[in-house]
Amino acid sequence: MKLKEWQKISLIVVGIFLIVFVFVAIIASSMPGEAPPLSRDSFLVLNISGEIPERTTGDPVAEILGAPTVSIQTLRQVILKAKIDEKIKGIIVRPNLAGMGWAKTDEIIAALTDFKTSGKPIYAFLETALNRDYYLACTADSIFAVGTGIALINGFYSTPAFLKG
């Protein structure tokens with residue numbers, strides 16, 4: 001039995017629709033549903049590692065392909081919501097080789113400093129720390145570290161350059 005030309009085309013079109021349907025179903029199933037309910041005396045845990053962009057696109061396909069899902073803007077909003085949420089009793093900051101710049105680190109520190117005005121505690125937990133990680137952890141009320149952790153903290157040094165003329 002030989003297929004006619006229009007039958008071949010219709011089979012190709014149906015196949016493409018099935019592939020698109022499966023792709024959309026995979027994306028829809030990977031999208032987060034409702035957030036789990038918070039219980040009383042909860043702590044917000046901020047795992048800060050790697051490069052964090054200023055903003056994210058919110059594109060689910062990019063998220064599946066490994067694009068960052070957390071941005072500086074999102075972190076600031078989450079910290080602000082935790083400040084006014086009665087169920088959140090404090091924040092645990094876990095910086096781990098944060099590859100962001102100093103300006104982004106200062107933005108997070110400013111948000112955490114604003115959070116401290118609520119009277120809620122901030123705790124920092126360090127496993128591996130570079131200068132930015134320790135600088136971020138200094139905002140906390142208490143800093144905890146793993147005994148076998150690595151801290152590569154060189155300190156800060158600055159000299160002004162004076163140019164004649």
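Author: A residue is called buried under 20% relative accessible area, exposed over 50% and partly exposed in between, with a 1.4 Å probe and protein chains only. By that scale Phe 144 is partly exposed, at a relative accessible area of 44%. The model is predicted, so local features need pLDDT of at least 70 and side-chain atom pairs count only at pLDDT 80 or more, while totals for chains, interfaces and linings use all residues. Residues are numbered from 1 along each chain as its sequence is written, and side-chain values use heavy atoms, with hydrogens and water left out.

Rings of Phe, Tyr and Trp (its six-membered ring) pair if their centres lie within 6.5 Å, and planes under 30 degrees apart are stacked, those over 60 edge-to-face and the rest tilted. Searching the whole structure gives three aromatic pairs. In one of them, Phe 43 and Tyr 123 have ring centres 6.1 Å apart and planes at 40 degrees, so the pair is tilted. Because Phe 43 lies in strand β1 (residues 42–50) and Tyr 123 in strand β3 (residues 122–129), this pair ties together parts 80 residues apart in sequence; strands are DSSP runs (E, at least two residues), numbered from the N terminus. Phe 43 is partly exposed at 34%, and Tyr 123 is partly exposed at 28%. Tyr 123 also pairs with Phe 144, their centres 6.2 Å apart and their planes at 55 degrees, so that pair is tilted. Phe 144 is in strand β4 (residues 142–151), 21 residues from Tyr 123. Phe 43, Tyr 123 and Phe 144 form one aromatic cluster.

Methods:
Helix = DSSP H or I, 4+ residues; strand = E, 2+ residues; numbered from the N terminus.
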